[in-house]
Amino acid sequence: MRTHSDDASAGAWRRSRHAALIALALLPVACSDVGPADGGPADVPEGDTTEAAQALALQFDIDPRKSLLVTETDVVGAFTLEEVLQQLIDQAGASVTTTPLTLFRQLMNNQRPGSSDPNNIGPNCDDEPPNAGDLEPVDDPPVGLPPLAPEEKTQTGSINGWPVFCPRTADDIDSDPFADPGSDSAYMATTLANRFDLAPPDGAHCGEYRIVFAKRSGITNGLNRNFIIFEAQLPNPNPSQGRLGCLPVVQFWADQSDPTKSPATRAAELHDFYFDGLSGFEPVVHIDHYGPEGGQIRTNEFVRPNGLPLSSWSLRQFETAHAGPTGGWLLIAPSFVSDNPAGKLFTSASGDQRVTAFQGTFFPGVVERLAATDDINRFAYGAAVPSQHEAGESLMIPLHNNYLNKFTTAPAAFRNSIQAKLTAMGSSLTPEQLVGRAQSLACAGCHEPVNVDNEFFKTKLDENGQPVPDFDDPESPLDVGLPENPLRTLGFTHTSEQTEPVDETTTRERFRISKMLSDVFLPFRKNVMEQFLFNHPVLGFEKPGAWTSPQAQLSVHTGRVEEGIASLQVKTPASFNAIVSPSFSAAGLTIGNKITVDLFVSPAQPNPSWVGNLEVLISIPSAGINNQWAGNVALTPLTRGSFQRIQFASLATATKNALIAGATDVKLQFNFNVTSNSGPYYLDNVRFED
């Protein structure tokens, strides 16, 4: 983490920079020597804004349970499902005809078939009949689990052309969750989630900000549960500034860790953020932030009357549909589940053009991105899943979304194409592990990460030596090719209706979260926030289009990353490839006497005995320094297949002094002298170190 070169008088200096930083982040875009590239936005100047962003330092550590995932009962208690629905109604101008109760019932009515709908208040789950060719036989679960209810074997509807089970959640459709806030039918807020880590490198939006509501029946009945999750995608009001336009949002969440703030103060500030919005930003809760252009509403349904069978759990996605602020109507309509390809796409299905396109084009095209990281936080397809491939719901039991199970009957050509991609990139992953990664990205795959046999937890033995399920953070047997398995849930969920003490000094309570959240996801998201606040966006390769090359093919890569959210992928069609930075300011950087960079050399090389070399040049025209050679490193001895720290020769004294003085016109140029068509190579985290 970079800091200012002096100690900056700690708190007073930091506070004085805070206001300047926020103001600078909201400035209009000015001219720059960096223009749009690869479809990305124009970059902002690298002067005062970047300097201010680097200069900012926190007065306190970021507390993940205050700044990333808030579950304290006296904070989340300020949020109600009724208020969220009322805000959506008001924004749609639908208050004359719609109430929170009718909107809630309309949402749940999506689960009822039209033949049994006396209310006719919105879409039904069988409005779109299923394609007979997509219906799958539904077997009862393994021995030891309850048999399926009759409707669990009935695929009478479809969403997005893929079959869904219908009906669902029958007992919620006619209930009133607002009549008695303490009843089993009521919903309570359990979680506020800051997902700034979902903001893309180009800053097209500022990530997602979520509210989780849980049905109160789940407190005492583990088989009568439902979660409604509002996952708003927050627009960036200054997208031409890239992610810097989101700076006030990140600073707001960082400030929630201020130890001097009481729970009541934090609750009020978070409530304002969600319902009123920060200055210059729309409120989080907004009818346009829940699809179809971004954001969504999801349900995690484990609801069935009369003693629910274990198999009834499923996840579905919805989006708001409305006629605008004066149109007078609002619906929460069913949608396909994003980033959830249908399970059939992974098996043999000759003649189905969707399967042919998926296996022949889409999935082979995302193998490299899925395989490119050893951090589950960075698993991604790297490309939008074509809408025709997205499933109508996400569930593992029955086996519809168990990709590994389907893959056992995949055509040999499909398996071979995956293996060929893995071999070409020098990956040791197997096709099964690669498909397991895809499965972990599905809703059901994250909440119920099962293996090919549909085993979704490791068991423990009872007093008679018989295996019993472990629902307390069970470790999944799903193999995604990582050294350690991070997949641990709370038995189908990552947040809970159950509470635990906040600490040992008070009687305050908070809702429990999974080990996967506390030990894997939250540390990563904290790093994303910190590195955004402190690191240099150009030197961290966080800005699409910032670096250019007359020869090489450059792109931002979010899989192979050493720091931040992106590295620079360098494809080398020629033997000489110059990679040039924009002008940037050295003000606020810690300055040592050597240029250092993290470099990933791909293990698959056309000439393994000679990989080549990398040199660096530096220019500071204001100091009379132009394309000054600053060192050369041989690439052949470097360990391949992981990031390696490489350091060049010592900078000239005059060059170091110009950097320390805060020169604002610094440029770097990395020259790859390699075998043509080798790589790709990845650069990340340039710094000046001793």
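This is a predicted model: local features need pLDDT of at least 70, side-chain atom pairs count only at pLDDT 80 or more; totals for chains, interfaces and linings use all residues.
Is N685 buried or exposed? Residues are numbered from 1 along each chain as its sequence is written, and side-chain values use heavy atoms, with hydrogens and water left out.

Start by selecting helix α7 (residues 247–255) together with helix α14 (residues 515–534). Helices here are DSSP runs of H or I with at least four residues, strands are E runs of at least two, and both are numbered from the N terminus. The two helices pack at an angle of about 125°, their axes 11 Å apart. That makes α7 oblique to α14; oblique is what remains after under 35 degrees (roughly parallel), over 145 (roughly antiparallel) and 65 to 115 (roughly perpendicular).

Now show side chains: L247, V250, Q251, W253 and A254 of α7 meet M529, F532 and L533 of α14, contact being heavy atoms within 4.5 Å.

Next, go to G291 and P292, which are joined by a cis peptide bond with omega about 0°. P292 sits in the loop between α8 (263–275) and β7 (296–302).

Move on to strand β22 (residues 678–689), where you will find P680. The peptide bond from G679 to P680 is also cis, with omega near 5°.

Stay in β22 and select N685. N685 is not a glycine, yet has a positive phi of about 60°. And the opening question? N685 is buried, at a relative accessible area of 14% (buried is under 20%, exposed over 50%, partly exposed in between, with a 1.4 Å probe and protein chains only).

Conventions
Axes are lines fitted to C-alpha atoms, for helices over the stretch in contact, and angles run from 0 to 180 degrees between N-to-C directions.
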